[in-house]
Amino acid sequence: MGLLTNLRDSVSRVTDRLFTDSEPKRIGIYGPPNAGKTTLANRIARDWTGDAVGPESHIPHETRRARRKEGVEIERNGRKVTIDIVDTPGVTTKVDYKEFLDHEMEKDDAVRRSREATEGVAEAMHWLREDVDGVIYVLDSTTDPFTQVNTMLIGIIESQDLPVLILANKTDLPESNVQRVANAFPQHETIPLSALEGENMDEVYDKIAEYFG
Amino acid sequence: MPHQCTSCGRTFADGSKEMLSGCPDCGGNKFQFKPPGATDPDPEPGSGSSDRDATAPAETEGQTASRDDAEPRTRSNSARRTADATTDATTDATTDATTDATTDTTTSVTTDAETDAAASGAEADRVEAGDDAATGPEVDAEDRAQASARSDVVSPDELPDTDGTSSRPETGGDDGGGPHADERPGLDSLREELNDQFESIRIVGQGEYELNLMELYDRQEYIISLREDGRYVIEMPGDWGPDDE
(Lines give C-alpha, C1' and ligand atoms only; values in the text may rest on other atoms or scores of the structure.)
Protein backbone atom coordinates (compact mmCIF):
# COMPACT_ATOMS: atom_id res chain seq x y z
CA MET A 1 0.00 0.00 0.00
CA GLY A 2 2.81 2.31 0.88
CA LEU A 3 4.24 1.97 -2.59
CA LEU A 4 0.91 2.68 -4.21
CA THR A 5 0.35 5.70 -2.02
CA ASN A 6 3.79 7.03 -2.86
CA LEU A 7 3.20 6.45 -6.53
CA ARG A 8 -0.14 8.23 -6.38
CA ASP A 9 1.41 11.14 -4.53
CA SER A 10 4.21 11.39 -7.07
CA VAL A 11 1.81 11.32 -9.99
CA SER A 12 -0.40 13.93 -8.45
CA ARG A 13 2.58 16.14 -7.70
CA VAL A 14 3.73 15.93 -11.27
CA THR A 15 0.28 16.64 -12.69
CA ASP A 16 -0.12 19.51 -10.26
CA ARG A 17 3.05 21.00 -11.62
CA LEU A 18 2.04 20.54 -15.18
CA PHE A 19 -1.37 22.04 -14.89
CA THR A 20 -1.20 24.58 -12.12
CA ASP A 21 -0.25 28.08 -13.07
CA SER A 22 0.08 29.17 -9.48
CA GLU A 23 3.09 26.98 -8.69
CA PRO A 24 5.29 29.21 -6.53
CA LYS A 25 8.50 30.28 -8.16
CA ARG A 26 11.60 29.31 -6.27
CA ILE A 27 13.72 32.38 -5.82
CA GLY A 28 17.32 31.98 -4.77
CA ILE A 29 18.92 34.75 -2.76
CA TYR A 30 22.51 34.80 -3.93
CA GLY A 31 25.54 36.93 -3.38
CA PRO A 32 28.96 37.01 -1.75
CA PRO A 33 29.38 36.34 1.98
CA ASN A 34 28.21 39.06 4.33
CA ALA A 35 26.16 40.90 1.74
CA GLY A 36 23.04 40.62 3.89
CA LYS A 37 21.29 37.72 2.20
CA THR A 38 19.93 36.17 5.37
CA THR A 39 18.95 39.56 6.74
CA LEU A 40 16.96 40.13 3.57
CA ALA A 41 15.44 36.64 3.64
CA ASN A 42 14.41 37.15 7.24
CA ARG A 43 13.01 40.58 6.43
CA ILE A 44 10.88 39.20 3.60
CA ALA A 45 9.78 36.15 5.60
CA ARG A 46 8.95 38.19 8.69
CA ASP A 47 7.05 40.79 6.71
CA TRP A 48 4.85 38.23 4.99
CA THR A 49 4.79 35.11 7.15
CA GLY A 50 5.89 36.24 10.60
CA ASP A 51 8.71 33.66 10.70
CA ALA A 52 12.42 33.99 10.21
CA VAL A 53 14.55 31.97 7.83
CA GLY A 54 17.82 31.69 9.73
CA PRO A 55 20.26 33.35 12.09
CA GLU A 56 22.10 36.47 10.96
CA SER A 57 25.65 37.28 11.89
CA HIS A 58 28.39 39.74 11.10
CA ILE A 59 30.80 36.79 10.87
CA PRO A 60 31.04 35.63 7.26
CA HIS A 61 29.57 32.29 6.26
CA GLU A 62 26.97 32.17 8.99
CA THR A 63 24.67 30.51 6.48
CA ARG A 64 26.35 27.29 5.45
CA ARG A 65 23.33 25.37 4.26
CA ALA A 66 20.64 26.62 1.91
CA ARG A 67 17.47 27.37 3.83
CA ARG A 68 14.09 27.46 2.27
CA LYS A 69 10.96 29.32 3.23
CA GLU A 70 8.06 28.08 1.20
CA GLY A 71 4.85 29.73 0.20
CA VAL A 72 5.69 33.34 0.98
CA GLU A 73 2.72 35.32 -0.27
CA ILE A 74 3.54 38.87 -1.24
CA GLU A 75 0.64 41.15 -1.97
CA ARG A 76 1.21 44.06 -4.31
CA ASN A 77 -1.40 46.30 -5.85
CA GLY A 78 -4.23 43.92 -5.04
CA ARG A 79 -2.40 40.99 -6.56
CA LYS A 80 -0.80 38.09 -4.74
CA VAL A 81 2.53 36.59 -5.70
CA THR A 82 3.62 33.37 -4.01
CA ILE A 83 7.30 32.51 -3.94
CA ASP A 84 9.57 30.05 -2.20
CA ILE A 85 12.62 31.81 -0.84
CA VAL A 86 15.94 29.97 -0.81
CA ASP A 87 18.55 31.69 1.30
CA THR A 88 21.87 30.35 0.03
CA PRO A 89 25.35 30.37 1.54
CA GLY A 90 27.60 33.17 0.39
CA VAL A 91 29.51 32.32 -2.75
CA THR A 92 33.23 32.82 -2.82
CA THR A 93 36.27 31.38 -4.54
CA LYS A 94 38.36 31.10 -1.38
CA VAL A 95 37.58 29.99 2.13
CA ASP A 96 40.24 30.26 4.79
CA TYR A 97 39.69 29.40 8.42
CA LYS A 98 42.07 32.18 9.44
CA GLU A 99 39.53 34.83 8.56
CA PHE A 100 37.30 33.43 11.31
CA LEU A 101 40.04 33.63 13.91
CA ASP A 102 39.63 37.40 13.86
CA HIS A 103 36.16 36.87 15.24
CA GLU A 104 37.45 35.28 18.42
CA MET A 105 36.81 31.79 17.21
CA GLU A 106 38.85 28.78 18.29
CA LYS A 107 40.94 27.18 15.57
CA ASP A 108 38.96 23.93 15.55
CA ASP A 109 35.70 25.81 15.19
CA ALA A 110 37.18 28.02 12.50
CA VAL A 111 38.42 25.02 10.52
CA ARG A 112 35.04 23.34 10.80
CA ARG A 113 33.25 26.51 9.77
CA SER A 114 35.59 26.80 6.83
CA ARG A 115 34.81 23.28 5.69
CA GLU A 116 31.08 23.77 6.11
CA ALA A 117 31.26 27.07 4.27
CA THR A 118 32.96 25.33 1.36
CA GLU A 119 30.23 22.72 1.31
CA GLY A 120 27.77 25.59 1.40
CA VAL A 121 29.24 27.17 -1.71
CA ALA A 122 29.01 23.83 -3.50
CA GLU A 123 25.40 23.56 -2.42
CA ALA A 124 24.61 27.09 -3.55
CA MET A 125 26.10 26.40 -6.98
CA HIS A 126 24.15 23.18 -7.18
CA TRP A 127 20.90 24.97 -6.40
CA LEU A 128 21.67 27.53 -9.05
CA ARG A 129 22.06 24.80 -11.60
CA GLU A 130 19.10 22.71 -10.63
CA ASP A 131 16.54 24.36 -8.49
CA VAL A 132 15.86 28.05 -8.84
CA ASP A 133 13.45 29.90 -11.10
CA GLY A 134 14.76 33.35 -10.37
CA VAL A 135 17.52 35.08 -8.45
CA ILE A 136 17.70 37.99 -6.05
CA TYR A 137 21.36 38.97 -6.14
CA VAL A 138 22.36 40.81 -3.00
CA LEU A 139 25.46 43.00 -2.93
CA ASP A 140 26.98 44.98 -0.12
CA SER A 141 26.92 48.50 -1.58
CA THR A 142 29.84 49.54 0.62
CA THR A 143 32.21 47.16 -1.17
CA ASP A 144 33.56 46.95 -4.68
CA PRO A 145 31.12 44.97 -6.85
CA PHE A 146 33.69 44.29 -9.57
CA THR A 147 34.74 40.87 -8.36
CA GLN A 148 35.31 37.58 -10.04
CA VAL A 149 32.53 35.95 -8.04
CA ASN A 150 29.94 38.58 -8.93
CA THR A 151 30.87 38.59 -12.58
CA MET A 152 30.83 34.83 -12.80
CA LEU A 153 27.56 34.35 -10.95
CA ILE A 154 25.73 37.06 -12.85
CA GLY A 155 27.10 35.52 -16.04
CA ILE A 156 25.80 32.09 -15.07
CA ILE A 157 22.42 33.51 -14.14
CA GLU A 158 22.22 35.33 -17.46
CA SER A 159 23.22 32.21 -19.35
CA GLN A 160 20.38 30.37 -17.65
CA ASP A 161 17.94 33.10 -18.69
CA LEU A 162 16.83 33.42 -15.11
CA PRO A 163 15.15 36.65 -14.07
CA VAL A 164 17.49 38.48 -11.71
CA LEU A 165 16.98 41.40 -9.42
CA ILE A 166 20.13 43.11 -8.16
CA LEU A 167 19.86 44.65 -4.72
CA ALA A 168 22.41 47.14 -3.42
CA ASN A 169 22.17 46.44 0.28
CA LYS A 170 23.41 48.31 3.36
CA THR A 171 22.34 51.76 2.23
CA ASP A 172 22.13 52.68 5.89
CA LEU A 173 25.92 52.75 6.04
CA PRO A 174 27.68 56.01 5.14
CA GLU A 175 30.12 54.27 2.76
CA SER A 176 27.27 52.89 0.68
CA ASN A 177 27.67 53.55 -3.04
CA VAL A 178 24.64 52.35 -4.97
CA GLN A 179 25.79 53.92 -8.21
CA ARG A 180 28.92 51.81 -8.22
CA VAL A 181 26.75 48.68 -8.10
CA ALA A 182 24.52 50.02 -10.85
CA ASN A 183 27.56 50.77 -12.98
CA ALA A 184 28.92 47.27 -12.48
CA PHE A 185 25.81 45.63 -13.91
CA PRO A 186 24.22 48.19 -16.21
CA GLN A 187 22.27 45.48 -18.00
CA HIS A 188 20.17 44.93 -14.88
CA GLU A 189 18.07 47.11 -12.70
CA THR A 190 19.66 47.85 -9.32
CA ILE A 191 17.42 48.46 -6.31
CA PRO A 192 18.93 50.13 -3.24
CA LEU A 193 17.84 48.94 0.18
CA SER A 194 18.78 48.39 3.75
CA ALA A 195 17.49 44.97 4.71
CA LEU A 196 18.61 45.60 8.27
CA GLU A 197 16.66 48.83 8.64
CA GLY A 198 13.86 47.90 6.27
CA GLU A 199 14.54 50.89 4.04
CA ASN A 200 13.05 50.86 0.55
CA MET A 201 11.46 47.43 1.04
CA ASP A 202 8.31 48.60 -0.73
CA GLU A 203 10.19 49.00 -3.96
CA VAL A 204 11.86 45.65 -3.41
CA TYR A 205 8.48 43.95 -3.08
CA ASP A 206 7.17 45.78 -6.13
CA LYS A 207 10.08 44.48 -8.12
CA ILE A 208 9.78 40.95 -6.73
CA ALA A 209 6.16 40.89 -7.83
CA GLU A 210 7.10 42.32 -11.22
CA TYR A 211 10.04 39.98 -11.87
CA PHE A 212 8.85 36.77 -10.29
CA GLY A 213 5.07 37.01 -10.25
CA MET B 1 60.44 -8.85 -12.80
CA PRO B 2 57.56 -7.53 -14.81
CA HIS B 3 57.29 -4.23 -12.90
CA GLN B 4 60.03 -1.83 -12.05
CA CYS B 5 59.87 1.38 -10.07
CA THR B 6 60.98 4.20 -12.33
CA SER B 7 62.47 6.11 -9.40
CA CYS B 8 64.68 3.61 -7.58
CA GLY B 9 64.62 0.65 -9.91
CA ARG B 10 63.14 -1.84 -7.44
CA THR B 11 61.37 -4.64 -9.21
CA PHE B 12 58.16 -6.43 -8.38
CA ALA B 13 56.57 -9.65 -9.50
CA ASP B 14 53.61 -9.33 -11.77
CA GLY B 15 50.46 -8.75 -9.77
CA SER B 16 52.38 -7.71 -6.69
CA LYS B 17 50.24 -5.81 -4.27
CA GLU B 18 53.20 -4.01 -2.80
CA MET B 19 53.05 -1.51 -5.59
CA LEU B 20 49.48 -0.56 -4.88
CA SER B 21 50.44 2.02 -2.32
CA GLY B 22 53.59 3.16 -4.01
CA CYS B 23 57.10 1.81 -4.00
CA PRO B 24 57.98 0.68 -0.46
CA ASP B 25 61.54 1.86 -0.89
CA CYS B 26 61.24 5.30 -2.39
CA GLY B 27 57.49 6.01 -2.37
CA GLY B 28 57.46 6.43 -6.14
CA ASN B 29 54.22 5.73 -7.89
CA LYS B 30 55.37 5.24 -11.45
CA PHE B 31 56.26 1.76 -12.58
CA GLN B 32 57.21 0.38 -15.89
CA PHE B 33 55.95 -2.94 -17.07
CA LYS B 34 58.64 -5.28 -18.26
CA PRO B 35 57.39 -8.42 -19.91
CA PRO B 36 59.51 -11.54 -19.36
CA GLY B 37 61.09 -11.28 -22.78
CA ALA B 38 62.29 -7.76 -22.21
CA THR B 39 64.13 -7.82 -18.91
CA ASP B 40 67.07 -5.82 -20.15
CA PRO B 41 66.96 -2.52 -18.25
CA ASP B 42 68.53 -0.64 -21.14
CA PRO B 43 66.08 0.44 -23.75
CA GLU B 44 66.43 -1.59 -26.85
CA PRO B 45 66.63 0.19 -30.14
CA GLY B 46 63.32 0.17 -31.95
CA SER B 47 60.34 -1.39 -30.29
CA GLY B 48 61.83 -1.69 -26.81
CA SER B 49 61.72 1.96 -25.87
CA SER B 50 58.25 2.61 -27.19
CA ASP B 51 57.02 -0.45 -25.34
CA ARG B 52 58.28 0.88 -22.04
CA ASP B 53 57.05 4.40 -22.62
CA ALA B 54 53.53 3.46 -23.43
CA THR B 55 53.15 0.71 -20.88
CA ALA B 56 54.44 2.49 -17.81
CA PRO B 57 51.69 5.11 -17.57
CA ALA B 58 49.06 2.47 -18.13
CA GLU B 59 50.34 0.51 -15.17
CA THR B 60 50.44 3.62 -13.04
CA GLU B 61 46.88 4.39 -13.91
CA GLY B 62 45.87 0.88 -13.04
CA GLN B 63 47.50 1.17 -9.68
CA THR B 64 45.73 4.42 -9.02
CA ALA B 65 42.40 3.07 -10.08
CA SER B 66 42.61 0.12 -7.79
CA ARG B 67 43.38 2.10 -4.68
CA ASP B 68 41.29 5.19 -5.04
CA ASP B 69 37.81 5.50 -3.64
CA ALA B 70 34.54 7.00 -4.69
CA GLU B 71 35.67 10.44 -5.70
CA PRO B 72 38.10 9.64 -8.46
CA ARG B 73 35.71 7.03 -9.74
CA THR B 74 33.06 9.63 -10.31
CA ARG B 75 35.22 11.11 -12.93
CA SER B 76 36.27 7.96 -14.66
CA ASN B 77 33.13 7.05 -16.53
CA SER B 78 34.55 8.07 -19.83
CA ALA B 79 37.78 6.33 -18.98
CA ARG B 80 35.85 3.18 -18.26
CA ARG B 81 34.13 3.42 -21.57
CA THR B 82 37.51 3.75 -23.19
CA ALA B 83 38.70 0.76 -21.27
CA ASP B 84 35.77 -1.33 -22.45
CA ALA B 85 36.30 -0.38 -26.03
CA THR B 86 39.99 -1.02 -25.82
CA THR B 87 39.43 -4.34 -24.15
CA ASP B 88 37.36 -5.53 -27.04
CA ALA B 89 39.80 -4.34 -29.60
CA THR B 90 42.76 -5.77 -27.78
CA THR B 91 41.10 -9.10 -27.27
CA ASP B 92 40.51 -9.44 -30.97
CA ALA B 93 44.01 -8.44 -31.87
CA THR B 94 45.55 -10.73 -29.32
CA THR B 95 43.46 -13.69 -30.31
CA ASP B 96 44.85 -13.42 -33.76
CA ALA B 97 48.39 -13.24 -32.57
CA THR B 98 48.66 -15.52 -29.58
CA THR B 99 47.22 -18.48 -27.72
CA ASP B 100 43.98 -18.48 -25.73
CA ALA B 101 45.79 -18.37 -22.43
CA THR B 102 47.59 -15.24 -23.46
CA THR B 103 44.34 -13.70 -24.58
CA ASP B 104 43.06 -13.96 -21.03
CA THR B 105 46.14 -12.40 -19.60
CA THR B 106 46.20 -9.58 -22.04
CA THR B 107 42.52 -8.85 -21.69
CA SER B 108 42.71 -8.57 -17.97
CA VAL B 109 45.71 -6.32 -18.09
CA THR B 110 43.83 -4.03 -20.37
CA THR B 111 40.69 -4.02 -18.30
CA ASP B 112 42.46 -3.27 -15.08
CA ALA B 113 45.14 -0.96 -16.22
CA GLU B 114 43.83 0.89 -19.20
CA THR B 115 42.33 4.27 -18.62
CA ASP B 116 43.35 7.02 -20.92
CA ALA B 117 46.34 5.66 -22.72
CA ALA B 118 46.06 6.00 -26.44
CA ALA B 119 44.13 2.96 -27.53
CA SER B 120 46.05 2.19 -30.65
CA GLY B 121 49.54 2.53 -29.21
CA ALA B 122 48.77 0.65 -26.05
CA GLU B 123 47.08 -2.06 -27.99
CA ALA B 124 50.09 -2.74 -30.14
CA ASP B 125 52.33 -2.90 -27.09
CA ARG B 126 50.08 -5.36 -25.35
CA VAL B 127 50.03 -7.64 -28.29
CA GLU B 128 53.81 -7.64 -28.17
CA ALA B 129 53.75 -8.39 -24.48
CA GLY B 130 51.33 -11.19 -25.09
CA ASP B 131 53.68 -12.75 -27.59
CA ASP B 132 56.46 -12.73 -25.09
CA ALA B 133 54.32 -14.15 -22.33
CA ALA B 134 53.09 -16.97 -24.51
CA THR B 135 56.60 -18.18 -25.15
CA GLY B 136 57.81 -17.92 -21.57
CA PRO B 137 57.36 -20.43 -18.75
CA GLU B 138 55.73 -17.94 -16.39
CA VAL B 139 52.34 -17.69 -18.05
CA ASP B 140 50.48 -19.69 -15.41
CA ALA B 141 52.15 -17.95 -12.53
CA GLU B 142 51.35 -14.59 -13.99
CA ASP B 143 47.76 -15.56 -14.55
CA ARG B 144 47.40 -16.53 -10.93
CA ALA B 145 49.17 -13.46 -9.67
CA GLN B 146 47.08 -11.19 -11.78
CA ALA B 147 43.89 -12.96 -10.88
CA SER B 148 44.85 -12.54 -7.27
CA ALA B 149 45.58 -8.89 -7.75
CA ARG B 150 42.27 -8.38 -9.44
CA SER B 151 40.11 -10.22 -6.98
CA ASP B 152 41.82 -9.96 -3.62
CA VAL B 153 41.82 -7.13 -1.20
CA VAL B 154 45.20 -6.12 0.06
CA SER B 155 45.54 -6.88 3.72
CA PRO B 156 47.07 -4.14 5.85
CA ASP B 157 50.13 -6.19 6.78
CA GLU B 158 51.07 -6.50 3.12
CA LEU B 159 51.41 -2.78 2.82
CA PRO B 160 54.56 -0.97 3.83
CA ASP B 161 52.73 2.22 4.77
CA THR B 162 49.37 2.14 6.44
CA ASP B 163 47.01 3.72 4.04
CA GLY B 164 43.39 3.23 4.95
CA THR B 165 42.13 3.84 1.46
CA SER B 166 44.10 1.00 -0.04
CA SER B 167 42.50 -1.71 2.00
CA ARG B 168 39.03 -0.69 0.91
CA PRO B 169 39.29 0.06 -2.74
CA GLU B 170 35.66 -0.44 -3.61
CA THR B 171 33.87 1.04 -0.64
CA GLY B 172 31.46 3.89 -1.09
CA GLY B 173 32.35 7.51 -0.81
CA ASP B 174 30.78 7.93 2.60
CA ASP B 175 33.33 5.89 4.47
CA GLY B 176 34.91 7.79 7.28
CA GLY B 177 38.53 8.69 7.33
CA GLY B 178 39.03 7.24 10.79
CA PRO B 179 39.82 9.11 13.94
CA HIS B 180 43.45 9.71 13.04
CA ALA B 181 42.93 10.44 9.39
CA ASP B 182 44.85 13.68 9.53
CA GLU B 183 47.91 11.97 10.88
CA ARG B 184 48.34 9.55 8.02
CA PRO B 185 51.63 9.96 6.22
CA GLY B 186 50.07 9.80 2.77
CA LEU B 187 47.67 12.65 3.42
CA ASP B 188 49.55 15.18 1.36
CA SER B 189 49.80 12.92 -1.63
CA LEU B 190 46.13 12.00 -1.25
CA ARG B 191 45.25 15.67 -1.29
CA GLU B 192 47.43 16.19 -4.30
CA GLU B 193 45.80 13.31 -6.10
CA LEU B 194 42.30 14.47 -5.29
CA ASN B 195 43.10 17.99 -6.33
CA ASP B 196 44.38 16.78 -9.65
CA GLN B 197 41.30 14.73 -10.30
CA PHE B 198 38.64 16.88 -8.74
CA GLU B 199 39.29 20.44 -9.57
CA SER B 200 36.09 21.99 -8.35
CA ILE B 201 37.45 22.27 -4.82
CA ARG B 202 41.15 22.58 -4.17
CA ILE B 203 42.24 21.81 -0.67
CA VAL B 204 45.08 24.18 0.05
CA GLY B 205 45.52 23.04 3.63
CA GLN B 206 43.56 22.33 6.72
CA GLY B 207 40.58 24.66 6.68
CA GLU B 208 41.71 26.37 3.48
CA TYR B 209 39.91 25.80 0.23
CA GLU B 210 39.87 27.23 -3.24
CA LEU B 211 36.73 26.78 -5.24
CA ASN B 212 36.25 26.62 -8.97
CA LEU B 213 32.74 27.97 -9.26
CA MET B 214 32.29 27.10 -12.90
CA GLU B 215 33.36 23.54 -12.23
CA LEU B 216 31.02 23.30 -9.26
CA TYR B 217 28.22 24.68 -11.35
CA ASP B 218 28.92 22.49 -14.36
CA ARG B 219 29.22 19.15 -12.64
CA GLN B 220 26.19 17.01 -12.16
CA GLU B 221 27.39 15.43 -8.96
CA TYR B 222 26.55 17.36 -5.89
CA ILE B 223 29.17 17.59 -3.15
CA ILE B 224 27.34 16.96 0.08
CA SER B 225 30.20 17.08 2.50
CA LEU B 226 33.94 17.29 2.77
CA ARG B 227 35.85 15.01 5.09
CA GLU B 228 38.67 16.19 7.24
CA ASP B 229 41.13 13.96 5.43
CA GLY B 230 40.37 15.64 2.15
CA ARG B 231 37.80 13.20 0.86
CA TYR B 232 34.42 14.17 -0.49
CA VAL B 233 30.97 12.76 -0.22
CA ILE B 234 28.99 13.36 -3.33
CA GLU B 235 25.53 12.62 -4.45
CA MET B 236 25.53 10.95 -7.82
CA PRO B 237 22.91 11.79 -10.41
CA GLY B 238 21.79 8.16 -10.32
CA ASP B 239 20.78 8.53 -6.71
CA TRP B 240 18.47 11.42 -7.40
CA GLY B 241 14.91 10.33 -7.23
CA PRO B 242 11.97 12.13 -8.76
CA ASP B 243 11.06 13.51 -5.36
CA ASP B 244 14.49 14.83 -4.44
CA GLU B 245 14.34 18.54 -4.56
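Predicted model: local features only at pLDDT ≥ 70, side-chain atom pairs only at ≥ 80, totals over all residues.
What share of the 245 residues of chain B counts as buried? The share is 45%.

Chain A contains seven helices and seven strands. Read from the N terminus, its elements follow the order α-β-α-β-β-β-α-α-β-α-β-α-β-α. Chain A has 213 residues, of which 49% count as buried. When contacts in chain A between residues at least 6 apart in sequence are considered, 70% of them join residues at least 24 apart.

Chain B is built with eight helices and seven strands. In chain B, 56% of the contacts with a separation of 6 or more are made by residues 24 or more positions apart.

## The nonpolar cores

In soluble globular proteins, nonpolar side chains tend to be buried together. In this model, the largest nonpolar core comprises 36 residues. The residues with the most contacts inside this core are Tyr30(A), Val91(A), Met125(A), Leu128(A), Val135(A) and Tyr137(A). Elements of both chains each supply at least two residues of this core: from chain A, helix H4 (107-130), strand S5 (134-140), helix H5 (148-159), strand S6 (164-169) and helix H6 (178-184), and from chain B, strand S4 (201-205), strand S5 (208-211) and helix H8 (213-218). The largest share, seven residues, is contributed by H4(A).

Leaving aside neighbours within four places in sequence, Met125(A) is in contact with Val91(A), Leu153(A) and Ile156(A) of chain A, and with Leu213(B), Leu216(B) and Tyr217(B) of chain B. Apart from this core lies another, of 26 residues, which includes Ile27(A), Val72(A), Val81(A) and Leu193(A).

## Ile208(A) in helix H7

Ile208(A) is located in helix H7 (residues 201-212) of chain A. Its relative accessible area is 0%, and therefore Ile208(A) is buried. Beyond the residues up to four places away in sequence, Ile208(A) touches Ile44(A), Ile74(A), Ile83(A), Ile136(A), Leu165(A) and Gly213(A). Ile208(A) and Ile27(A) are separated by 181 residues in sequence, while their C-alpha atoms are 9.5 Å apart in space.

Asp87(A) belongs to strand S3 (residues 79-87) of chain A. Although Asp87(A) is buried, it has no salt bridge. The nearest side chain of opposite charge is that of Arg67(A), at 4.5 Å, whereas a salt bridge requires the two charged groups to lie within 4 Å. Residues up to four places away in sequence aside, Asp87(A) touches Ile29(A), Lys37(A), Thr38(A), Ala41(A), Val53(A), Thr63(A), Arg65(A), Ala66(A) and Arg67(A).

Which side chain makes a polar contact with that of Asp87(A)? The partner is the side chain of Thr38(A), at 2.7 Å. Thr38(A) lies in helix H2 (residues 37-48) of chain A, and it counts as buried because its relative accessible area is 9%. With residues up to four places away in sequence left out, Thr38(A) touches Gly54(A), Pro55(A), Glu56(A) and Thr63(A) as well as Asp87(A).

## Asp131(A) in a loop

Asp131(A) is found in the loop between H4 and S5 of chain A. Is Asp131(A) buried or exposed? Asp131(A) counts as buried, because its relative accessibility is 18% and the cut-off is under 20%. Not counting residues up to four places away in sequence, Asp131(A) touches Arg26(A) and His126(A). Asp131(A) and Lys25(A) stand 106 residues apart in sequence, and the distance between them, C-alpha to C-alpha, is 10.0 Å.

## Cysteines without a disulfide

Across all chains, a search of the whole structure finds zero disulfides.

Cys8(B) counts as partly exposed, at 39% relative accessibility, while Cys23(B) counts as buried, at 3%.

Definitions and conventions. Residues numbered from 1 in each chain as written. Chains lettered and ligands numbered in written order. Heavy atoms only, no water. Helix = DSSP H or I, 4+ residues; strand = E, 2+ residues; numbered from the N terminus. Buried < 20%, exposed > 50% of the residue type's maximum accessible area, 1.4 Å probe, protein only. Lys, Arg positive; Asp, Glu negative; His and termini not counted. Polar contact = N/O pair within 3.5 Å; in protein donor to acceptor, adjacent residues only side chain to side chain. Contact = heavy atoms within 4.5 Å. Disulfide = S-S within 2.5 Å. Core = buried A, V, L, I, M, F, W, Y, C linked by side-chain atoms within 4.5 Å.
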